[in-house]
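Here are a few friendly notes to read alongside the model. Take them one at a time, and keep the viewer open as you go.

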Amino acid sequence: MKKHLLSALAGAVLVLSLLTGCQESASGQNSPVQKPEPDDFGVYDMAYVLSTKDEFLDLLEECVLESAYDYCMTMETYYAGEDSEKMVECVREARNAGKQAVLINLNSADNASACIKAAGDMKVVFINRLPDDFSILNENAVAVSSNEYSAGVYQGRYLADYFREQGKDEISYVLLRGTEGLVHTELRTKGALETLENAGFTLDQAAVIHAGYSRTTARDSFADLIPDLEYDCIISNNDAMAIGAITALENQGMDPGSVPIVGIDATEAGRNAIRKGEMAMTVFQSAHGQANAAVLAAINMLEDVDFSEGTECDVSGESKYVLYYPFIPVTIDNVDSIE
């Protein structure tokens with residue numbers, strides 16, 4: 001953020017509007033940010049288009065609003081859910097409302113090009129969920145996420161060390177997969193399994209559960225399979241599904257700590273599961289870091305400077321228009337130092 005802009009906006013605050021149509025609240029609850037008086041509007045007027053909701057995305061939404069508040073930006077939220085056409089319509093609504101930039105949490109990786117087209121002259125920042133084709137990105141349409149493959153790598157490294165100490169070279173695993181059609185579902189899975197294979201382990205797939213990042217779906221689907229399954233570990237694309245599996249095991253009188261369960265996100269629930277010995281490890285994905293970087297990237301583009309300036313992100317080796325906020329592996333050794 002430039003000093004002259006911060007100075008000019010010292011008295012400005014965030015305005016959050018939850019209106020009708022695409023701007024329907026995803027949670028049905030009021031924003032935690034207090035609505036200011038109209039005279040306090042910030043210089044830049046932006047929109048945040050949300051997709052589906054889960055525990056991490058709830059936190060990400062909160063952090064986007066907090067970051068907009070910190071930079072004295074006006075930020076309106078638009079909720080598209082799982083409907084790709086509605087997401088494009090939400091982006092179009094934001095453009096017609098005169099927004100200068102739009103942050104987009106994609107509900108489908110292949111919907112990014114249509115969103116860019118609908119944005120018109122608005123600056124576009126894809127946040128958390130990446131397009132499936134980086135070639136569509138440019139100086140006016142960028143992405144801020146974390147290197148999802150590396151999150152899976154951290155899971156794989158932990159499990160490799162664990163089973164190496166046990167003298168095992170064959171691993172039977174249960175995989176809890178997130179929403180299909182999203183880049184990070186594929187990359188998280190690929191990172192974990194390839195890391196184990198590269199470490200010399202032979203992998204046997206005991207079960208794959210398509211739980212869409214949902215704790216409830218993971219719990220119910222896994223519960224049906226437990227009596228007939230033999231497995232050495234549970235690899236989950238996020239913490240919520242891992243905790244669903246933990247609950248299913250506990251409901252059947254089984255100890256979830258008897259096999260390593262690994263997740264991603266390091267939500268508060270996930271960290272508590274590690275403290276209680278129910279989950280072996282997770283990977284910290286900083287909602288605040290991604291949110292702050294995305295808002296700042298939008299401001300940078302509007303100010304015609306390098307969009308990565310001040311974001312604390314690494315530029316992807318695949319595209320100069322993609323920024324990665326670092327992941328951090330979390331175990332019982334460092335769980336209390338992660339916030």
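1. Start with Glu-170: setting aside neighbours within four places in sequence, Glu-170 is in contact with Thr-202 and Asp-232, where contact means heavy atoms within 4.5 Å. Glu-170 lies in strand β6 (residues 170–177); helices (H or I, at least four residues) and strands (E, at least two) are DSSP runs, numbered from the N terminus. Between Glu-170 and Leu-196 there are 10.0 Å in space, C-alpha to C-alpha, and 26 residues in sequence.

2. A word on the source: this is a predicted model, in which local features need pLDDT of at least 70, side-chain atom pairs count only at pLDDT 80 or more, and totals for chains, interfaces and linings use all residues. Residues are numbered from 1 along each chain as its sequence is written, and side-chain values use heavy atoms, with hydrogens and water left out.

3. Now for the overall picture. The protein has 10 helices and 13 strands, and 57% of its 339 residues are buried. Buried means under 20% relative accessible area, exposed over 50%, and partly exposed in between (1.4 Å probe, protein chains only). Among contacts between residues at least 6 apart in sequence, 71% join residues at least 24 apart.

4. Is strand β1 (residues 45–50) largely enclosed or open? Five of its six residues are buried, so β1 is largely enclosed by the rest of the structure. β1 pairs with strand β2 (residues 74–79) in the parallel sense over six bridges; two strands pair if DSSP finds at least two bridges between them. Met-46 stands opposite Met-75 in β2.

5. Next, look inside. The largest cavity has a volume of about 80 Å³. A cavity here is a set of points, on a 1 Å grid over the protein atoms alone, where a 1.4 Å probe fits but cannot get out; lining residues have an atom within 4 Å of a point. The volume is the space filled by probe spheres set on the points. Residues lining the largest cavity include Asp-54, Arg-129 and His-184. Both α2 (55–70) and α6 (183–198) supply at least two residues of that lining.

6. Finally, two backbone angles to check. Most residues other than glycine have a negative phi. Ala-266, however, has a phi near 55°, in the loop between β9 (261–262) and α9 (268–275). Glu-312 has a positive phi of about 65°, in the loop between α10 (287–302) and β11 (314–315). Ala-266 counts as buried because its relative accessibility is 3%, whereas Glu-312, at 63%, counts as exposed.

Key: 1 Å grid on protein atoms, 1.4 Å probe; cavity = no way out; pocket = protein on both sides within 12 Å on 5 of 7 lines; lining within 4 Å.
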